[in-house]
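Hello,

Here is the structure we talked about. Please open it and read the notes below alongside it.

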Amino acid sequence: MVKRVAIVGAGVSGLTSIKCCLDEGLEPICFERSSDIGGIWQFTEYVEEGRASLYKSVVTNSSKEMSCYSDFPFPEDFPNFVPQSQFLEYLKMYADKFNLLKCIQFKTIVCNVKKCPDFSSSGQWEVTTENEGKQESAIFDAVMVCTGYLTDPFLPLDTFPGINTFKGQYFHSREYKHPDLFKDKRVLVIGMGNSGTDIAVEASHVAKKVLLSTTRGSWVINRVFDHGYPWDMVFTSRFRSALRNSLPTSVVNWLIGKKANSWFDHANYGLVPENRTFLREPVLNDELPGCIITGKVEIKANVKEFTETSAIFEDGTVEDDIDAVIFATGFTFSFPFLEEPTRSLWGKKIYLYKYVFPSNLEKPTMAVKGHISLKGAFLPGAELQGRWATRVFKGLCKIPPTNQLMAEATKKKQLVKKYEIFLTAETSK
């Protein structure tokens, strides 16, 4: 009997999930709330509820040679690092090549996913969807959640005293689309991840002044690496990965720092990471050092508090007449369509076996894709997750029983708690 699989979302993970299901002889039905495929790579001028959002100038951080699906390379005339519009074009070519659109129901919102009464024996799910105001329910043998984690912004305003009295404009980086709104303004970007750094650099082309606030600093590398090769073609190899995995984290951090400093001395730019006990992903930006050395971007300490027009930093410095503040403070995640107690598995933390299967389910018939941080391209990782999940659904692969998975989840939770206690102690020094 062919197993029916519900797939939530038609982005990078959703598309490869459809194909993996078809490859295994399963029957996928994908529900996409928008009118097109692409997920986060589908650019819109406005922020849509329930969908990830990106800015117009986004370019991939991994090269096309390392980023493609295994059976569908990028066209040769595409650049090594692909702009948003061409990346979306690639996804559409992929969908057309493998006839995936026939499996997608557009403008369809997944309202509820709940266990069937006989779930402990059947592993089946009842999925309720809504299209043009009409709700329908159907039974599926498995569910693949492919909504990603870049939808719900993490905006910790309570940690920034005075922000409610600030008279300027402030918003999360999810709402950023173009730099035009910063023309001739004094701009403060809080958060030095890839998005925060991109926005700061882009704003510096039109703004009067750009401040980039970072709590911990970061190693910065550029896309063009040794001998002109894309960074990930040099950095990501079996030998280098095996070497990094065999060395202590402190040594790996030292090696990454040495390589990053070969481009520019991070100490002279105020960017040296404060805490190197844990390995953090480097920031990828080609322009930041040039912007700093020419005064277009100024690196600042963490913000202590705001006044009506100013930002006061933890090092005692004050910047007056701030016009706009962008919080590039990352994202949280939620699965509002899941019923309790399934949804309670997440909350503030997510515990998935091998980052795919929820630990507290009697039957491994739900897979959550994309909740994994990779030191390279996302597409190959999403594809491998899809291959494994569909083979588990089909019974070709086995995973440990629930009691063992929950024991691993508890152990992981304890490790995370110890890590948080350590970070709190380090921050308070």
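Helices here are DSSP runs of H or I with at least four residues, numbered from the N terminus. In that scheme, S13 falls in helix α1. Please keep in mind that this is a predicted model.

First, the sheet. Five strands form an open sheet in the order β3-β2-β1-β7-β22. The pairing is parallel. β3 (104-105) and β22 (366-368) are the edge strands, and each pairs on one side only. Strand β2 (residues 27-31) runs parallel to β3, and two bridges join them. F31 has Q105 in β3 as its bridge partner.

Next, the helices on the sheet. Helix α1 spans residues 12-23. It lies across β1 (4-8), β2, β3 and β7 (142-145). Its angle to β1 is about 170 degrees. Helix α10 (residues 378-394) lies across β1, β7 and β22. Helix α10 runs at about 165 degrees to β7.

Back to S13. Is this residue buried or exposed? S13 counts as buried, because its relative accessibility is 7% and the cut-off for buried is under 20%. Which residues does S13 contact, leaving aside neighbours within four places in sequence? They are C146, K369, G370, F378 and A382. Of these, F378 and A382 fall within the residue range of helix α10.

Last, the surface. V251, W254 and L255 make a nonpolar patch of about 270 Å². W254 sits in helix α8 (residues 249-261).

Best wishes

Technical notes: Residues numbered from 1 in each chain as written. Predicted model: local features only at pLDDT ≥ 70, side-chain atom pairs only at ≥ 80, totals over all residues. Heavy atoms only, no water. Pairing = 2+ DSSP bridges. Contact = heavy atoms within 4.5 Å. Axes fitted to C-alpha atoms, helices over the stretch in contact; angles between N-to-C directions. Patch = residues over 30% accessible without salt bridge, like charges linked within 9 Å, V, L, I, M, F, W, Y side chains within 5 Å. Areas by Shrake-Rupley, 256 points an atom, 1.4 Å probe, with all protein chains shown as cover. Salt bridge = Lys/Arg side-chain N within 4 Å of Asp/Glu carboxyl O. Buried < 20%, exposed > 50% of the residue type's maximum accessible area, 1.4 Å probe, protein only.
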